Amino acid sequence: MYGYSGKILHIDLKDKKDWIEEKPESFYKTYIGGVSMASRLCWENIEVGCDPLSPGNPICIANGIFAGTPVPVGGKYGLASKSPLTGFIGDSLSGSWFTIALKRAGWDGIVIHNSSEEWVYLFIDDDRVQIRDAKYLLGKGTFATEEAIREELGDDQVRSATIGPAGENLVLFGNVTNDGRQAGRTGHGAVWGSKKLKAISVRGTNGVRVADPDTLMKLSFDITDAAQGPHTSKYRLLGTSTNVLNMNKIGLLPTRNYQQGVFEDAELVSGEYLDEHHKVKIIACAQCPIACEQMSAVKDGPYEGAMTGVEYECLYAMSSNCGISDMRAAIRMIEICDHGGMDAMSTGVTVSWTMESFERGVFKKEDFKCKKYPEGFEPTFGNGEAGVTLCEMIRDREGIGEMLSLGTKRASKMTDEERGSETYKWAMNIKGLENPGYDARGLKTFSVGLAAGVRGGCHNRSAAYDPDIKGVVDRFTIDDTRGEVARDAEEYAAVYDTLPLCKFIRRCFTGKADRAGAWPMIADLINATTGWEFDYDDVDRIGVRAHTIKKAFNIREGWTRADDTLPYRWLHEPIPEGASAGCVISENELTQLLDMYYAAKGWTNEGLIPKDLLISLGMEDVAEEVGV
Amino acid sequence: MATSTSKYKYIACDPAKCVGCQLCEYICSYTKNGDYNTYRSRIRTVRAEEVLITAIACHTCEDAPCVIACTTDALIQDPVSGIVRVDPSRCDGCAWCIEACDFGAISINPATKLAEICDQCETLEEGPQCVKWCPKDALELTTPELRAQKARRKLASEEALT
């Protein structure tokens, strides 16, 4: 096989042993890599029905098909476990050196079983595995942990995926960081923390061989060249933060915990403002010729010296969403998340839920006692220092941070039971995963993509905001095409998440990002790498299968149609002002949208997958377990 | 000691432009070894801090310390181009050249046990492949004096504008 080694590395943290599983080529042709292969490995290795923080939940990592080759933006991997936030599949993506090192070490993926008694980290040194003491790393941030391991092992080419204090403390939205990039969502940090696994470090010294290097080089060069042009200028110049003003203009910029869609100080937290006042340098993931990471620093004030990469999702969560117009506080909040190893989106939306609960009188000043403020403080919207302090309290699980570290779904339930309040009405999560920076009330197609999303409130997996915002469909109303539109957007995204290729490259193949524009060249890239004969339809099916295995996983873990819903606020409170004023999603609309969506997917009206469909996708064993 | 006043051309990287993507390493290892292995690249990207990134290859020093340090006379510096070539029949992989190099620009290939040094792709008509591929135009084949001239010109035009 070219492009793959055919080997999956299994490691048992309890018995301290490792073994190799060899997979047939048919496995790779079906699941490819990234989120699809990682989810499939999770399907194969999980103890069904287990508590996500118990030893029965495996950590599954899958490289990409193009990792370690010059194919632009192909240096990404998928990470899957059962999510402690949602209880369903938790699949994340991250980019850069870690996955490339793993590929060069000779592994297509890793499965980690059980839990360790003591804190450890793994060192995968080509084909040798060491389970090493990690006690000296405890309490260290994500970046510091990587550096400490490099120093201990004496090789600056060792690449590590790590958890920070948040993961150690079992913050449910703790995440995994490698090379400054995050497998950000669904709480992998807590899963690693529950296993007392601080990091996975890899040294890979072998080369990656492909079937047709001449063709691959030519294709890669042309795409790299195209990636310097207008197709990626949005990402290269201002990065995704440019969306702040775009979203504000269409009245869908989450503001004050999604109470509003327009932020009066949007200019002050825009990508343009960031570029002018805070940008230090733009950096790239390994194997990426685009470079979108806007490294931004605070140059004065109480947070002087704070520096981290800023992009739209973490920025909206910490700024407009918390009513905060001081970019310096927002950068500091993002830095706390990045170094502490937690999801800045879930953190921001949990902070904004806390602020709204305070403003509505559910929480009092004395609920916020902490070492820094022994008398407590008043977390009103717009209070940057309160936002910063709440991020620290969540990371350290200090005071009320203990409860907030469980995310909005659990924190609202606990609060409402304890205080007789109704904070669930503004707990902005789907299936337990906090929402992204798009108010879906004004994006009707996206709303069903989110409601039905297999990993909860996530824009990356659904991607149906695109046809809504671009005006391919009318975003304010629904019609009977929306099931198909949502399905197509989600399966399109799943192709990229499975190869994986960063979606920012999507226009660089031919100038057109749609299937017709991208799939033929992606097929050429796959064929030059592996020697297979993939065509347009084969590429298309990559996304269908990726989505199907994740859905099947959820069904086996007890998913029902009732889980596909939206936050109370989106179903009951219209957007008060701006270009999307009056938008809300009625229960009736959601029901219709779900009916259409399930029908478009070829599922039953209860959202279950017919056996025949699974068999036609080459997933016979899945059909036997969950097919109807 | 190494010198930054060498008359020879070398692959220089502008740290302000380098984004750390490592494509130069992929291309180098492919060009020289036929596979993609950044461990075998003769140009190395370095990330000293999150935003301090550059790439380093042989600086073609005058009176190159690596050549002087070589105990087997395996390293020969071309008097015209300054490129340091490795004679495989003499090199015994002792790594003294690596220690002598102030730029960390030499490595030993673990398979062949031979020193490997950037040769600016001298046998290829289109020149250094890393320069050709660099998506941010951060790499160029230049001399210290040419870089200095360019810096002076840049400063002059900036000052003229202000």
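**Stop 1: the core**

Select A:Ala38, A:Tyr121, A:Ile290, A:Met318, A:Ala330, B:Cys24 and B:Cys130: of the 238 residues in the largest nonpolar core, these touch the most other members. Such a core is a set of buried Ala, Val, Leu, Ile, Met, Phe, Trp, Tyr and Cys residues joined through C-beta atoms within 7 Å. Buried means 20 or more other C-beta atoms within 10 Å of the residue's own, exposed 12 or fewer, partly exposed in between, with C-beta atoms placed from the backbone.

The model is predicted: local features need pLDDT of at least 70, side-chain atom pairs count only at pLDDT 80 or more, and totals for chains, interfaces and linings use all residues. Residues are numbered from 1 along each chain as its sequence is written, while chains are lettered from A and ligands numbered from 1 in the order in which they are written.

Now centre on B:Cys130. Leaving aside residues up to four places away in sequence, B:Cys130 touches B:Ile11, B:Cys24, B:Ile27, B:Cys28, B:Ile43 and B:Leu139.

**Stop 2: a hairpin**

Select residues 120–125 (strand 7) and 128–133 (strand 8) of chain A: they pair in the antiparallel sense over six bridges. Strands are DSSP runs of E, at least two residues, and helices runs of H or I, at least four, numbered from the N terminus; pairing takes at least two DSSP bridges. A:Ile124 stands opposite A:Val129. In the turn, A:Asp126 has a positive phi of about 50°.

**Stop 3: between the chains**

Show both chains. Here 27 residues of chain A are in contact (C-beta atoms, placed from the backbone, within 7 Å) with 20 residues of chain B. Strand 13 of chain A gives the largest share of chain A's side, four residues.

Technical notes:
Contact = placed C-beta atoms within 7 Å.
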